[in-house]
Amino acid sequence: PAANPQRNAYFGDLHVHTEYSFDAYSFGTTATPYDAYRYARGETIMHPSGYAITLRTPLDFYAVTDHAMFLGMVKAAADTSTPFSRYPVAEPIHNLNDPDNMGPASVIQRVGNFASFIPDTLAGLQDGSIDREVADTITRAAWLDTIEAADQYNDPGRFTTFVAYEYTTSSDD
């Protein structure tokens, strides 16, 4: 049937995490925002478990909505070439998503890392043992990369991307 501008159904996802979210990276996600948009458009990407995944039908819209809190910092902690990886809070996360560390045996370590990273990093930022500028540089770069990916894959009238992030508050806010 002909398109009806008043009643067309569009399909997409507005809650997608990539390697920049502390929780997704902690549990094995290594997909970039670019990978996420390629996937949404119907291209094949690799699942963290090592097999190819493809959507049966490409989507109409998509938003990479990584957590704003500590955006990109777990990935930076895992990469031993970054300044952030030199902090003690990063040591348990070094090389976390290397292929040798992706098996089922890593689940207990990942849960422990996930549980301790946020409070330990927050404490380090508050007491000054982690340089706030180092953290800000990581989050700014991740945010700019997320914007670039959305801009690159946005194709008006065919595929719509949204520049977004997930912001959650605690009961203390």
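I read along the sequence and noted the pattern β-α-α-β-β-β-α-α-α-β. Helices here are DSSP runs of H or I with at least four residues, strands are E runs of at least two, and both are numbered from the N terminus. I counted five helices and five strands.

I noted that this is a predicted model, where local features need pLDDT of at least 70, side-chain atom pairs count only at pLDDT 80 or more, and totals for chains, interfaces and linings use all residues. Residues are numbered from 1 along each chain as its sequence is written, and side-chain values use heavy atoms, with hydrogens and water left out.

Next I looked up burial. Of the 173 residues, 38% are buried (under 20% relative accessible area; exposed is over 50%, partly exposed in between; 1.4 Å probe, protein chains only).

Then I turned to helix α2, residues 33-40. Seven of its eight residues are buried. I listed them: Pro-33, Tyr-34, Asp-35, Ala-36, Tyr-37, Tyr-39 and Ala-40.

What do the buried residues of α2 pack against? I found strands β1 (12-16), β2 (45-46), β3 (52-53), β4 (61-64) and β5 (160-163), plus helix α5 (132-153).

I checked both ends of α2. At its start, a side-chain oxygen of Thr-32 comes within 3.2 Å of the backbone nitrogen of Tyr-34. Just after α2, Gly-42 has a positive phi of about 105°.

Last, I looked at contacts (heavy atoms within 4.5 Å). Among those between residues at least 6 apart in sequence, 62% join residues at least 24 apart. The C-alpha atoms fill a box of roughly 60 × 35 × 30 Å along the principal axes.

How values were computed
Polar contact = N/O pair within 3.5 Å; in protein donor to acceptor, adjacent residues only side chain to side chain.
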